[in-house]
Amino acid sequence: MCHLSSYLTAAGGVLAGLAVAAALLARQRQIIDHQRQTLAARDRDRSHWHRLATHNDTTDLPNRRALWTHLEATFSLGEPLGLVLIDLDRFKQVNDTYGHEHGNDLLREVGRRLRALGPSVALAAHLAGDEFALVVHGDDGEVEAAAEAAHRRISALPFEIAGRQVIVAASVGYALAEPGMLTRDLLHAADQAMYLAKRKRCGIRAHDPDHATPPGIVIRYRDLR
């Protein structure tokens, strides 16, 4: 009887120990799960803030910072590259006539049309206001085709604004990356072309390396870094 009592006491001690171990294990699992959830939330926050820093909050297209990063990376690879800059003509009149909310709807639709231009367009970006950009991976024919397609998608097809069909024109300039060019040089060249397209009201203009910048013209993209 004494031996049986000892066995029962020992068994009870083992069971109590197992119960304590199980409780500790469950607690450790709770701590690990909490840590995983905290890390996942941190990653989501990091991804959220990164997207805010690299995308336009109206159209959700990559912004000028993302454009610069993409151009820098592509330049480092030495691949054929072109840049198309697009400026909506008389966009202020749309805002003044229909209001800023409808103006934002127009910008979002422009972004959707540019995003759907085809495989040669590696990046469609919304720089600010009514200014957009396309990065084209390809030769001069592909860059020219992308510029023409962008102009056609915007200028030839009406937009529905406040229940009305509205034609919005665009000025488009484009440039090809040349040996020895830096990112700012390509932006400068495409901006020159876009300025001339707007000034001469010709719709589309290719950069002419022999054309000097008109006196007093400030290149808006030269401070992109």
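**From fold pattern to surface patch**

Along the sequence, the protein chain runs α-α-β-α-α-β-β-α-β-β-β-α-β. That amounts to 6 helices and 7 strands. The model is a predicted one.

Start with the chain as a whole. It has 225 residues, and 36% of them are buried. The accessible surface is about 13,500 Å². Carbon and sulfur atoms hold 54% of that surface.

Histidine 102 gives one example of a link across the sequence. This residue sits in helix α4, which covers residues 100-115. Leaving aside residues up to four places away in sequence, histidine 102 touches Ile161 and Ala162. Isoleucine 161 lies 59 residues from histidine 102 in sequence, yet their C-alpha atoms are 6.3 Å apart. Is histidine 102 buried, partly exposed or exposed? Its relative accessibility is 28%, so histidine 102 counts as partly exposed. Buried would require a value under 20%.

Asp139, Asp140, Glu142, Glu144 and Glu148 form a negative patch. Glutamate 148 belongs to helix α5, residues 140-155. How exposed is glutamate 148? Its relative accessible area is 36%, so glutamate 148 is partly exposed. Patch residues need over 30% relative accessible area and no salt bridge.

Definitions and conventions:
Residues numbered from 1 in each chain as written. Predicted model: local features only at pLDDT ≥ 70, side-chain atom pairs only at ≥ 80, totals over all residues. Heavy atoms only, no water. Helix = DSSP H or I, 4+ residues; strand = E, 2+ residues; numbered from the N terminus. Buried < 20%, exposed > 50% of the residue type's maximum accessible area, 1.4 Å probe, protein only. Areas by Shrake-Rupley, 256 points an atom, 1.4 Å probe, with all protein chains shown as cover. Patch = residues over 30% accessible without salt bridge, like charges linked within 9 Å, V, L, I, M, F, W, Y side chains within 5 Å. Salt bridge = Lys/Arg side-chain N within 4 Å of Asp/Glu carboxyl O. Lys, Arg positive; Asp, Glu negative; His and termini not counted. Charge placed at Lys NZ, Arg CZ, Asp CG, Glu CD. Contact = heavy atoms within 4.5 Å.
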